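Q: I would like to go through this model with you, beginning with the overall fold and then moving to particular parts. Could you take my questions in turn?

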Amino acid sequence: MSQRETGARTRDEFCRAIETGDPFYLACPDGHGSVPPRRVCPDCGAQSLTERSLPDSGRVRAATTVHVATSAFADSAPYVTAIADFGPVSLTGLVVGTAPDAVEHGTDVTVGIQRVDERQRPTLVFEPR
Amino acid sequence: MSDADVPSDAVDAVYFGNFVGELADGQGHHGPLVAESLGVSAPATRFESACASSGVAVRHAMRAVEHGDADVVVVGGAERMTHVGTGEATAMLATAADAIHEVSAGVTFPGAYALMADAYFDAFGGSRRDLAHVAVKNHAHALENEYAQFQSEVSVDDVLDAPTVAAPLGLLDACPVTDGASALVLVSDAYARDAAVELTGSGQGSDTLALQDRDTLSRTPATERAAADAYRDAGIDPSAVDLVEVHDCFTCAEVFALEALGLYDPGEAITAAREGETWRDGQLPVNCSGGLKAKGHPVGATGASQVVEMTRLLRGDHPNSDYVPDASTGVTHSAGGTVASTTVHVLEVAR
């Protein structure tokens, strides 16, 4: 993906781009990263946001194994949720494809989309590389 | 109102904190409802800032009095949550987190604080056992507090052996789901010069709603900003603080608060309860009320209830006042969401 000016991108467009293998984030002229839905840079208020390719790999900043879930995720519990640093942005996702205790600080992950909650909404998932 | 000896027709405004009335009871728009229940016809407003709802209400009540807009404000809050099940309560509390980025990825409210605890342990060290001492202390402090939800002790082993909610946090690291209410009467100097305790400083801070958008997960800069403003407003620095009521929705939250309030350096508060420093007979008594952990956390009531508890501690009619007879300056800290909204207030014994 090249850099192209965008008005605003929705969460659905963000998730679809991950599903089709072309994930992006938004950058303002000063280089602050953010993820949709955004029309304005949350760091500096700049109103010109550009789509850029999301780095392929993120690194886990924090993780927890959730045992008591909301009803939407009750069937998945216990599960690991993590925040991973992708460079210009960090993302929060459900960790799949590994045992809970295999996820640590510094674990490298890729991002994908699954529909795991009861309403089949898109859920950001991380898979260890 | 009877404690303050203020008649209902003297009230200029009612400020009320509530978090999830719509979800729990199908009831929003609490301002008029609460004024009616007080027999007051003054303008009434509801404030919502998650767990800091009535902390924010107290701040605005103080400003109204300071700016001369009101001489008497009744400010407080209430919450009802125990009549819904654990799943529903978990979902309600999760609305204080970011629905798009966090809740959609399975983050619960305990899960969000667990992520912060995980980051803290990674940055500074510390253990579940250190955190357990916070719970043990706060339960011990609540034993004689007739307003506490739990007037019962827990042991370190009880905390460590409790079921895990979101690792590393277990059931006894978490404050309970609570029904409750709080209220205080804030008056101007012009109305009454004989109040025993004065609210002398107020600060508020905000942060990104989602944890992922913060530079650090092991510190809480919104509290740092709120504290700086409150100390400046009161003309004090952290060394003047004799005792504090902090927002210990989870054991780790007490640690984050003490560091962000400037009472401990980053990474240093984790052992404070274990070392006895923050017990009621320690060098810096923390949560003499029992805290959210044992006093309970009726979300919308909590921020104002801390001010009520601190007032009683300072004026000498709290069950734990005897432990802090010389205390003259207290600080209350209320945090909403994962410390995305924070208020800090300074209370001083009137001179």
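A: In chain B, 75% of the contacts with a separation of 6 or more are between residues 24 or more positions apart. Please note that this is a predicted model.

Q: How many helices and strands does chain B have?

A: The secondary structure of chain B consists of 11 helices and 10 strands. The radius of gyration of chain B is 19 Å, close to the 20 Å that the globule rule gives for 351 residues, so chain B is as compact as a globular protein of that length.

Q: And what box do the C-alpha atoms of chain B fill?

A: Taken along the principal axes, the box is roughly 55 × 45 × 40 Å.

Q: What percentage of the residues of chain B count as buried?

A: Of its 351 residues, 60% count as buried.

Q: Let us turn to the helices. At what angle do H5(B) and H9(B) pack?

A: H5(B) and H9(B), the latter covering residues 251–260, pack at an angle of about 60 degrees, and their axes are 10 Å apart. That angle makes H5(B) oblique to H9(B). The crossing of the two helices is left-handed.

Q: Which residues make that contact?

A: From H5(B) they are Tyr113(B), Met116(B), Ala117(B) and Tyr120(B), and from H9(B) they are Cys252(B), Ala253(B) and Phe256(B). By class, this contact of H5(B) with H9(B) has seven nonpolar, no polar and no charged residues.

Q: Now the other chain. How many residues does each chain bring to the contact?

A: Chain B contributes 30 residues and chain A contributes 28 residues.

Q: Which elements of chain B supply at least two residues each to the side that touches chain A?

A: They are helix H4 (86–94), helix H5 (109–124) and strand S4 (164–166) of chain B. H5(B) gives the most to that side, with seven residues.

Q: What is the make-up of that side by class?

A: The side of chain B that touches chain A has 15 nonpolar, 11 polar and four charged residues.

Q: Is His29(B) buried or exposed, and why?

A: His29(B) is exposed, because 11 other C-beta atoms lie within 10 Å, and a residue counts as exposed with 12 or fewer.

Q: How far is the C-alpha atom of His29(B) from that of Leu184(B)?

A: The two C-alpha atoms are separated by 20 Å, while the residues are 155 apart along the chain.

Terms used
Residues are numbered from 1 along each chain as its sequence is written. Chains are lettered from A and ligands numbered from 1 in the order in which they are written. This is a predicted model: local features need pLDDT of at least 70, side-chain atom pairs count only at pLDDT 80 or more; totals for chains, interfaces and linings use all residues. Two residues are in contact if their C-beta atoms, placed from the backbone, lie within 7 Å. Helices (H or I, at least four residues) and strands (E, at least two) are DSSP runs, numbered from the N terminus. Ala, Val, Leu, Ile, Met, Phe, Trp, Tyr, Cys and Pro count as nonpolar, Asp, Glu, Lys and Arg as charged, and the others, Gly among them, as polar. Axes are lines fitted to C-alpha atoms, for helices over the stretch in contact, and angles run from 0 to 180 degrees between N-to-C directions. Angles under 35 degrees count as roughly parallel, over 145 as roughly antiparallel, 65 to 115 as roughly perpendicular and the rest as oblique. A crossing is left-handed if the near helix is turned anticlockwise from the far one by less than a right angle, and right-handed if clockwise. The radius of gyration is taken over C-alpha atoms; the globule rule is 2.2 Å times the number of residues to the power 0.38. A residue is buried if 20 or more other C-beta atoms lie within 10 Å of its own, exposed if 12 or fewer, and partly exposed in between; C-beta atoms are placed from the backbone.
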